[in-house]
Amino acid sequence: MPLIALLMGFPLLAGLAILLASTPERRADLVRRSAYAIGAVSLLLAVVYFRAGPQFFVIWDGLAQVLDLLFMLGGIGVSLYLLYACRRIKGLEWYIPVLILVQMGLILVAELAADHPEVARPFYIDSFSILMALIVGLVGGLICIHAIRYMQDYQAHAEEVADRRPAFFMMLFIFLAAMFGIVFTNHLPWLFFFWEVTTLCSFWLISYSGTEEAIRNGFRALGLNLIGGIAFAGAIVWLTLGPGLHTWELDQLVAAGSALALIPAVLIGIAGLTKSAQMPFSSWLLGAMVAPTPVSALLHSSTMVKAGVFMLVKFAPVYHDTLAGFLLALIGGLTFLITSLVAVNQRNAKRVLAYSTIANLGLIIMCAGIGTATTLWAAILLILFHAVAKALLFLGVGTTEHLIGSRDIEDMEGLVYRRPVLAATLLIGILGMFLAPFGMLLSKYACFQAFLSLDVLPGDGILLAAILAFGSAPTLFFWSKWLGKLAAMPRRAQPIELPIPRDEAIALFALTVVTYVACALFPLADWVFVQPYTGFLTGEGLIPAGDERIPWENIAMMTAMLGGLFLLPLVFWLLPPQATAVSGYLSGANVDGSASYQGAMGAEREVASRGYYLAGFIREETMIRNGLIGSGSLLLLMLIGASL
Amino acid sequence: MTTSYSWTLAVGFLVFGPVLGALLAGIDRRLTARMQSRRGPPLLQPVYDVLKLFEKDTLVVTRLQTLYLWGFLFFMVISGFILFLGSDLLLSLFALTVSGIFLCLAAYATNSPYSNIGSSRELMLMMAYEPMLIMVPLGFFLVADSFRVSDIVAGEPWQVLQLSGILIGFLFVLTIKLRKSPFDLSSSHHGHQELVKGITTDLSGSDLALVEIGHWYENTILLAWLYLFFAPLGVVWALPIALVLFFAEVLIDNTHARLTWTSTLKGTWSVTALFGVTNLMLLPLIA
């Protein structure tokens, strides 16, 4: 318990200290030390509670009452701040203050109710929340370190943006505290408070630059997340005043099963869908890409959006074997399919990453909606692989952007030769994201197996499996295309520019190592973090025990593939094959290497070729519109299905 | 579980896989020639070609292209090894996909406009056929209750009837996989066309030989996939049927003009949905 309190309290204090730091150097130093400290404490936590089953913590009564009051006032404070921020709304955004008021009203109704449920055990820890804490602490900490230098360059490039860096870093650390709160809190109204704090941080950080676009996108993120907030608050009201279940404790709600807990679970599920930017709420995440890249890496790919799927995975025992759960999986599947297709269209690297983030979260939600031991296994491993690989990719793209002045994938041509170290981080990130024998493959394998064994409606599992098959194909296309750009031999030698700044190099290097280790040692991650969690759930009879583990033979094969991937470059380096270097074939006499050739009439012609983006074949707007209609109807069906 | 028999098969694949694949390629060329009223080269011509390629100087745009080709060959061999070991079909498919990506990477690395278009088209084709290829293990899983090749081989003789839609879909994408017309968008076997040689434009000497050997392995793997549908009938029936269907692709190659990538993509996905997904959906009724 002291460790958990430290993880929630320390970032808050660190944030305040950073806000008040006297000089930029002092501030940078504080950020660095605090990030290392948070990382160290989360590691310590993982060691102390090694392979722990769920443990609950009772706190002293007086303290509980103080915290109760503090969180309630804090919640009101967050709402008031958001209302104050609403002075800058425009046009149709009037719905946002209305949503804030509704949400505040709902939660106050619940908290001030005469006989509201008492919470005996407000905090808990289990192996899944430890994994989340490690992601938040280590990946989050590294991203904060990367941000030090990134924000310095950012401010130097964008002179019109007011320098609010002290507040910026404070927000990052407050956000970390709130994330730790989400993963360790068993007390639903308190959890809701942390949930709202992350919404606030996200809103503030998206609007950071203060440009018109940033402010509008910030409000869109706020508005859509408030819909989720209202659903969450609605669930708490239901649990306070509604018929049936009368509890504020997360574990009891989950243990109540689908007969009793389905309605609040579906409401919280909607909150999870908004936080994880699933269709029909997905548009805010694309807009959020205007934020500085470390923000995108921290909030919008590796941690905050994971809070949504974290809740959905927690509630998986309730969704299991219900129509609502199947529809939830279908919403995730539809999102996965559509955003994977649309990602093929994108040239802007950050938009590719954003769409692929939404797609992967969709895949995790497919797993959570089905809720068997195998799919939970897949979901948790996906959370891990995606968090590390995506953080690495976002930071890699951010550093690349500052070094080559563009985030266009076409401009990254030849990065393997121009900036080998940077290219290596991007390559490993991409490999970690989708290529066998790395992370994604395992999860897809487990999904296919689980879907085909599903039995809620006739043909349900096949539908999900078909969605997964069709959605994986464009994923392969856009990642390979990007890989190809990076690996392409530059047609002209490019001048070597600035070196990678030290803080950014530390973060990139550490994340590369983490991605490697996570992929290579995934059976260990499985044993330490996943098995104790799913083992507990099956032991309690909350989910059926799955006998369909991935067989050892497959793991041996995957290890062989991974080994080959390590060894081939080594052999290549030790025994380089004989070859003569020439310039590429241009069907004419090459003039300047591969860059130009002598064409008709003896004129020198410059060579240009670009990647395929299939803009005529996949129309982003049409696809997204259809997706919105489809997922919106599914969402309605899910609500109706849950209340029947 | 794996037995010494399956280990023999798997190791046998490592050694004889390319030999069989080369023979298939040789027969393919002979059949094509006969259909065009030519005599055609000797059966072992593909082998002679590759031996000659190894004698030649290797010209590269970047030395790394050879490394990517090693990756292509490595994952191709792994894919076949898993398959012949009687192990997991889905895993074998994943390895096959990775192998394809490495080939594209080699072509992308050379960065000539022709290689670029070739590899982009190759990726597009992969995007087209991948869903249908995944349907195959899914179908086998539903009838044999396992992704394991050894369980599929030991299945019921009528599984091919239950999976007839999947078989049609698979034959469709086999045409793409074998780079046959109308789907030979990424590599033109016939010189002096708009793609020059597509994906292999800038590969020469031993690099090109590696690609050829990789394709021999691939031929054997694809024949084995086809064989799997009929495997429970016993080798006496299954092998001839698989061979006949395999060489039917040559006929299609010679009777069809090349399609554009849009029609290929749309056509393949429609076939996948129409035959593959429908077949899976109807399986509970057929079984």
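The model is predicted: local features need pLDDT of at least 70, side-chain atom pairs count only at pLDDT 80 or more, and totals for chains, interfaces and linings use all residues. Residues are numbered from 1 along each chain as its sequence is written, and chains are lettered from A in the order in which they are written.

**Helix packing in chain A**

- Helix α4 (residues 95–111) of chain A packs against helix α8 (residues 212–241) of chain A at an angle of about 20 degrees, with the axes 9 Å apart; helices are DSSP runs of H or I of at least four residues.
- α4(A) and α8(A) are therefore roughly parallel, a term for angles under 35 degrees.
- The residues in contact (C-beta atoms, placed from the backbone, within 7 Å) include Leu99(A), Gln103(A) and Leu106(A) in α4(A), and Leu226(A), Ile230(A) and Ala233(A) in α8(A).
- This contact of α4(A) with α8(A) comprises 17 nonpolar, five polar and no charged residues.

**Contact between chains A and B**

- Chain B contributes 57 residues and chain A 53 residues.
- On the side of chain B that touches chain A, the elements giving two or more residues are β1 (59–60), α3 (64–84), α4 (89–110), α5 (113–144) and α11 (261–286) of chain B.
- The largest share of that side, 16 residues, comes from α5(B).

**Strand pairing across the chains**

- Strand β3 (residues 580–581) of chain A and β1(B) run parallel and are joined by two bridges; strands pair if DSSP finds at least two bridges between them.
- Opposite Val60(B) in β1(B) stands Ala581(A).

Key
Axes fitted to C-alpha atoms, helices over the stretch in contact; angles between N-to-C directions. Parallel < 35°, antiparallel > 145°, perpendicular 65-115°, else oblique. Contact = placed C-beta atoms within 7 Å. Nonpolar A, V, L, I, M, F, W, Y, C, P; charged D, E, K, R; others polar.
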